[in-house]
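Please keep the sequence and the structure in view while reading.

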Amino acid sequence: MDRVRIGCNYEKQPLWKVVLGVPLIYLPIITTVPFMVIGVFLIKTHLKYVGGMDIKSYWDFVPTWISHRYGNKEHPVINISRLHVARYRFFWIFNCKLYCPLSVALFRYAVYLVKIVENWWCPFAHDQKREYAEGAVDKSFWHVDPAELEKLHPDDKQNPIWNEKGEP
């Protein structure tokens, strides 16, 4: 498995870099989440207006609270100065039970919706298209009208990601 190398370098970083770097984790979320929420709303509305049904909800992408390994009272904390917010359990509960799962779910949900849009409007194969299977549709826009279907390459006519019958 390919891995990003962080743990082997963390302790080698000067303290000033870590102190400066940690707040940077929140800025992208603070600045992008409002736009992502608006974008998700607009994409989902678009899909519903063109006839989309059985679209998963955002909450299908959020892990259940019970699935978290640690309850609030047992959540581990780091033994550092009392002046550092990371010493306190509320910091880790906020990050591990709210910030991470809710923001990851939001971005995963947005990707899911965009995959549906892509499969609906653009059922044309490329080397990454197999990754769009999560957003499979019953028929693409091009499969609805038999005259338009004839314009497609045979592989695009029969791809089960945008044609549930797998054939024209």
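A crossing is called left-handed if the near helix is turned anticlockwise from the far one by less than a right angle, and right-handed if clockwise. In this predicted model, local features need pLDDT of at least 70 and side-chain atom pairs count only at pLDDT 80 or more, while totals for chains, interfaces and linings use all residues. Residues are numbered from 1 along each chain as its sequence is written, and side-chain values use heavy atoms, with hydrogens and water left out.

H3 passes H4 in a left-handed crossing, helices being DSSP runs of H or I with at least four residues, numbered from the N terminus. The contact of H3 with H4 is made up of 20 nonpolar residues, four polar ones and one charged, where Ala, Val, Leu, Ile, Met, Phe, Trp, Tyr, Cys and Pro count as nonpolar, Asp, Glu, Lys and Arg as charged, and the others, Gly among them, as polar.

Within H3, the buried residues (under 20% relative accessible area, with a 1.4 Å probe and protein chains only) are Tyr26, Ile29, Val40 and Leu47, and what covers them includes H4. After H3 comes Gly51, whose phi is positive, near 110°.

Leaving aside neighbours within four places in sequence, Lys115 is in contact (heavy atoms within 4.5 Å) with Glu131, Tyr132, Glu134 and Gly135. The C-alpha atoms of Lys115 and Pro34 are separated by 21 Å, the two residues being 81 residues apart along the chain.

Definitions and conventions: Helices (H or I, at least four residues) and strands (E, at least two) are DSSP runs, numbered from the N terminus. Buried means under 20% relative accessible area, exposed over 50%, partly exposed in between (1.4 Å probe, protein chains only).
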